[in-house]
Amino acid sequence: MTDSTTASGTFDVTLDVNGIAYPVHIEQDRNLLSVIRGEVGLTGTKEGCDDCECGACMVLLDGRPVNSCSYLAVQAQGRAITTIEGVMTGDDLHPLQQALLDEGGVQCGFCTPGMIMSAMALLADNPSPSEEQVRIGLSGNLCRCTGYTRIVAAVQRAAAVPHA
Amino acid sequence: MTATTTAITTSPPRFVRADGPDKVTGSGRYTADLSLTGVLAAKFRYANIGHARIVRLDVTAARAMPGVFAVLTADDVPDVRFGPFVQDRTLFARDVVRFEGEIVAAVAAVNAVVAQRAVDAIVVEYEPLPVINDIEAALSVESALVHPDWQSYGAADALVRDRNDASFASITKGDVGAGMAAADHIIESRYVADGCHAVPIEPRAVVAQWEGNKVTIWTTTQVPFDARAGVCETLQLPTNRVRIIVPHLGGGFGGKCGFHYEAHIAALARVAKRPVRLVFTRREEFIAPDRRRESIVFNIETGVLDDGTITARRAWLAMDNGAYTADAAFFSQLAAMHTAGPYRIPNVQVEAHLVYTNHQPSGSVRAPTAPQACWALESHTDEVAAAVGIDPVEFRRRNAVDTGAVGPSGQTYGEIGLQQCIDLAAGGAGYGQPLPDDEAIGVAIGWWPSFSVPSGAYIKIDGDGAGQIITGAQECGTGSVMTLRDLAADELGMKPEDFELVYQDTAVAPYDMGATGSQTLLNNGRAVIAAAGQVAEQLKKLAADHLEAAEADIVLADGHAYVAGTPATTVSLVELAGIAAGGQLLIGHGSSTPAEAPPLAGSSCVGDLGMAAFVAPQFSCHAVRVKLDRDTGVARVLHVSAAHDSGIIINPIGAHGQVEGAVMMGIGQALSEGTTYDDQARQRNAALLEYKLQTCADAPPILVQFVEIFTPDAGPRGAKGLAEAPNIATAAAISNALAKLIGRPVRQLPMTAERVWNTIQGDAS
Ligand code: FES
Ligand code: FES
């Protein structure tokens with residue numbers, strides 16, 4: 001699963017993040033979050049707990065939502081990793097991003113990238129979720145600011161956009 | 001209430017915040033996202049023990065480790081005691097540690113792993129001291145003292161202190177003994193609220209870098225100027241050599257108020273001669289900061305006539321200050337006000353003690369003291385209403401303050417909307433309609449002052465017509481800074497998008513108190529309007545010259561200046577900006593003048609820190625429908641109806657978001673959020689797995705309604721504060737719903753399933 005192993009327990013691996021191949025040299029116990037933020041240099045993915053409890057670090061692995069703080073980076077080799085930086089199409093916001101702005105679903109914004117990743121996975125699975133399904137689908141992402149009302153409304157609004 | 005001044009808003013129009021695109025794309029930078037060449041990682045050595053004397057502290061081995069650049073203890077920084085009200089604290093523990101999260105030493109090393117190894121290599125030996133773990137016991141004369149030297153500490157003159165009592169306050173009005181004697185019923189209650197936490201999703205982070213004798217500190221503070229003052233005081237630097245910059249802030253809720261680790265990291269960076277970065281773990285976020293919502297013990301007694309008229313209220317409170325006095329010193333008076341409540345009561349005697357313990361220090365968390373005090377008082381109020389057989393909503397209608405009424409501290413209110421809030425909240429919840437027998441609606445009322453303080457802003461418009469608002473204000477997520485663009489745009493006949501905001505940087509902007517006290521729009525809004533007014537005058541003068549008209553006839557609208565009555569005689573603001581760029585530049589500055597505190601009559605206050613007089617008071621009523629599983633004690637909130645008088649609402653979508661978020665925080669406080677301690681005063685649930693926040697799946701529908709009344713001493717256009725007020729009444733309303741379902745109140749907060757179940761079983765909890 002790795003390109004090469006060195007004596008000190010570090011590995012040379014190549015990670016596919018948002019369609020770009022990043023060769024990185026990392027310890028085997030490094031979590032994916034710290035490698036995305038540190039080595040790959042994309043800081044949109046946040047750390048809120050390092051304990052699989054908040055969802056701020058959510059990324060997609062082959063389209064499935066994963067708390068990257070609790071996932072070994074070396075295991076992500078060979079999979080398509082999508083972070084918040086890979087969500088836009090060119091200069092165009094993804095309908096979820098636009099809907100969060102329109103509905104007022106963003107306050108401090110720290111939960112927002114993780115929320116968007118979870119919502120993308122939800123909508124990929126279920127293009128027209130009920131409110132209840134949205135609430136369950138986002139229940140792994142804590143938001144302390146909004147009370148969730150406007151985030152749920154934004155996901156439903158985005159779902160109504162063609163090809164969201 | 002008159003038709004011309006009152007409006008009821010229920011649904012918000014669109015408002016897209018200026019920082020929104022940064023936040024939805026992941027391009028916005030938060031403090032932990034910053035990286036500087038050569039940056040080192042910081043780690044702290046904490047006491048990890050509730051109360052002990054340091055008998056040995058040896059950092060030799062840690063200092064000798066490869067990759068370690070600095071190890072600091074109390075011996076390595078100026079010997080300064082600091083604290084906003086009581087100077088009882090030092091940057092690093094000296095001789096004694098008084099709570100588990102107290103910092104004994106700090107390390108800067110090449111990376112976090114090495115830094116942690118060095119922290120572990122520091123040798124500390126302790127001699128245990130008695131652990132003061134109980135608020136009421138700490139007040140007894142036999143109790144050991146958390147600060148045996150308390151009398152030698154500097155402190156604010158107004159504070160009344162005695163041994164473990166760090167701040168005593170009382171509010172007295174009328175003759176409470178006579179009032180009780182005149183009552184037909186006297187109802188006594190005891191309630192105990194646990195402490196809890198702000199829990200912003202972003203953990204704290206600080207990055208410091210020195211250039212020569214100046215330091216720049218990027219930090220997650222809600223109050224940049226306060227953080228600067230703390231650094232200057234503890235490291236003995238002038239304000240103009242310390243620059244505090246706050247990148248995007250990932251929430252605060254009061255938890256990031258005050259001065260935290262900026263000085264520790266600056267001191268490390270100075271010794272290491274390298275930039276240093278601190279990023280907290282979630283556990284550190286729970287145990288270390290001196291901003292925790294305090295636990296409070298309440299004994300409340302109310303005298304009432306058969307017809308439901310309150311004759312007297314007496315209350316005694318003991319509040320957990322923790323080991324050091326942060327901004328909690330003014331909480332005694334604030335909690336006393338909230339335990340008196342927004343009621344017309346002729347005779348009042350409330351006494352509140354802020355008590356040292358060996359717990360994490362308390363500090364301002366969203367509406368400090370009010371949710372707990374409202375919970376206790378409003379639960380008690382339902383007991384009083386039941387004693388006289390009056391419906392709780394009707395009881396509040398009769399006794400709550402209204403326009404022209406005199407409150408418990410002797411303040412006479414101008415036009416206020418509390419009675420309308422009661423009607424709207426109860427109506428929105430369907431109060432009085434039949435419900436299944438496992439459901440009930442509880443109702444509670446709350447209030448909160450607006451904080452009127454100095455605040456400044458500049459506005460400039462450059463040669464291309466692009467504007468900048470340069471403000472000392474701090475954005476913590478509420479959107480209040482974002483709203484400033486609308487105010488400037490309105491003054492200048494421009495669009496909000498014509499302005500960029502330069503904010504949360506102490507080196508470039510004038511003073512503002514920060515994202516605290518719900519004060520941004522109230523105070524900085526006035527400053528921005530004043531600054532924009534100066535620029536408007538400058539534009540009008542230019543336009544008058546250009547259009548050969550009188551300055552007084554110039555109108556600014558739609559990006560143009562025109563002559564009143566002849567709209568064809570016009571010049572664009574962009575053209576005027578270009579003219580100005582070659583001569584008299586377009587620059588305005590504004591400073592907000594605080595409103596005076598309203599007078600109090602017939603009351604006396606001991607330990608008076610100005611919290612008994614509420615400037616532009618805000619009022620609220622929440623009605624909450626709760627479903628109870630009587631077999632398990634599990635309560636579920638089905639619907640919240642929240643009505644607020646926070647003055648005129650300037651940014652409706654932001655205002656709705658504040659209420660919705662605060663209500664959810666209130667549900668958490670009501671049902672799941674409470675800190676528990678072991679017998680050594682260490683937190684037992686300092687992790688999100690054990691300290692449960694409400695999730696999206698838990699969130700009920702929340703109906704938000706505003707009663708909009710113009711208040712003269714409020715902020716721009718009659719806006720009062722808003723961010724804290726909606727956090728106050730939710731837990732109380734849930735308590736009253738549960739009491740209806742159980743037949744008696746749950747006397748401890750949070751009202752966990754276990755405590756609810758015990759109450760159902762009849763245990764006096
Ligand atoms: S940081 Fe990964 S779940 Fe919180
Ligand atoms: S917007 Fe702040 S945590 Fe969700």
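**Figure 1. A salt bridge between B:Lys495 and B:Asp498**. In this predicted model, the side chains of B:Lys495 and B:Asp498 meet in a salt bridge, with 3.9 Å from N to O. The pair counts because the cut-off is 4 Å. How open are the two partners? B:Lys495 is partly exposed, with a relative accessible area of 46%. B:Asp498 is partly exposed too, at 25%. As a bit of background, side chains of opposite charge can pair when their charged atoms come close.

**Figure 2. B:Asp290 meets B:Arg89 in a salt bridge**. Here the N to O distance is 3.2 Å. Look at where the two residues sit in the chain: B:Asp290 is in the loop between α8 (282-287) and β14 (296-304) of chain B, while B:Arg89 is in the loop between β4 and β5. That puts them 201 residues apart, so the pair links distant parts of the chain. Buried or exposed? B:Asp290 is buried, with a relative accessible area of 8%, and B:Arg89 is buried as well, at 14%.

**Figure 3. Two helices of chain A joined by A:Arg157 and A:Glu103**. The side chains of A:Arg157 and A:Glu103 form a salt bridge, 2.9 Å from N to O. A:Arg157 belongs to helix α5 (residues 149-159) and A:Glu103 to helix α2 (residues 95-103), and the two residues are 54 apart in the chain. A:Arg157 is partly exposed, with a relative accessible area of 28%, whereas A:Glu103 is buried, at 12%.

**Figure 4. A salt-bridge network in chain B**. Which residues take part? B:Arg17, B:Asp19, B:Lys23 and B:Glu475 are linked in a network of salt bridges. To put these close-ups in context, the structure holds 42 salt bridges over all chains.

**Figure 5. B:Phe330 and its aromatic partners**. Searching the whole structure turns up 17 aromatic pairs over all chains. One of them is B:Phe85 with B:Phe330, a tilted pair at 6.1 Å centre to centre and with 50° between the planes. B:Phe85 lies in the loop between β4 (68-72) and β5 (96-97) of chain B, and B:Phe330 in the loop between β15 (310-322) and α9 (331-340), 245 residues apart. Both B:Phe85 and B:Phe330 are buried. B:Phe330 also pairs with B:Phe331, this time edge-to-face: 5.0 Å centre to centre, 85° between the planes. The relative accessible area is 16% for B:Phe330 and 0% for B:Phe331, which is buried.

**Figure 6. An aromatic cluster in chain B**. Which rings come together here? B:Phe44, B:Tyr46, B:Tyr261 and B:Phe280 form one aromatic cluster.

**Figure 7. Where chain B touches chain A**. Chain B brings 50 residues to the contact and chain A brings 43. About 3700 Å² is buried between the chains, with carbon and sulfur atoms giving 58% of that area. In chain B, the residues that lose the most area to chain A are B:Val24, B:Ile201 and B:Cys696, together 21% of what that side buries. Between the two chains there are 5 salt bridges, including one where A:Arg150 meets B:Glu660 at 2.8 Å, N to O. On chain B's side, α1 (20-25) and α16 (652-671) are the elements that give two or more residues, and α16(B) supplies the largest share, 8 residues. What kinds of residues make up that side? They divide into 25 nonpolar, 15 polar and 10 charged.

Technical notes: Residues are numbered from 1 along each chain as its sequence is written. Chains are lettered from A and ligands numbered from 1 in the order in which they are written. This is a predicted model: local features need pLDDT of at least 70, side-chain atom pairs count only at pLDDT 80 or more; totals for chains, interfaces and linings use all residues. Side-chain values use heavy atoms; hydrogens and water are left out. Contact means heavy atoms within 4.5 Å. Buried area is the accessible area (1.4 Å probe) that two parts lose on being put together, summed over both. Helices (H or I, at least four residues) and strands (E, at least two) are DSSP runs, numbered from the N terminus. Ala, Val, Leu, Ile, Met, Phe, Trp, Tyr, Cys and Pro count as nonpolar, Asp, Glu, Lys and Arg as charged, and the others, Gly among them, as polar. Rings of Phe, Tyr and Trp (its six-membered ring) pair if their centres lie within 6.5 Å; planes under 30 degrees apart count as stacked, over 60 as edge-to-face and the rest as tilted. Buried means under 20% relative accessible area, exposed over 50%, partly exposed in between (1.4 Å probe, protein chains only).
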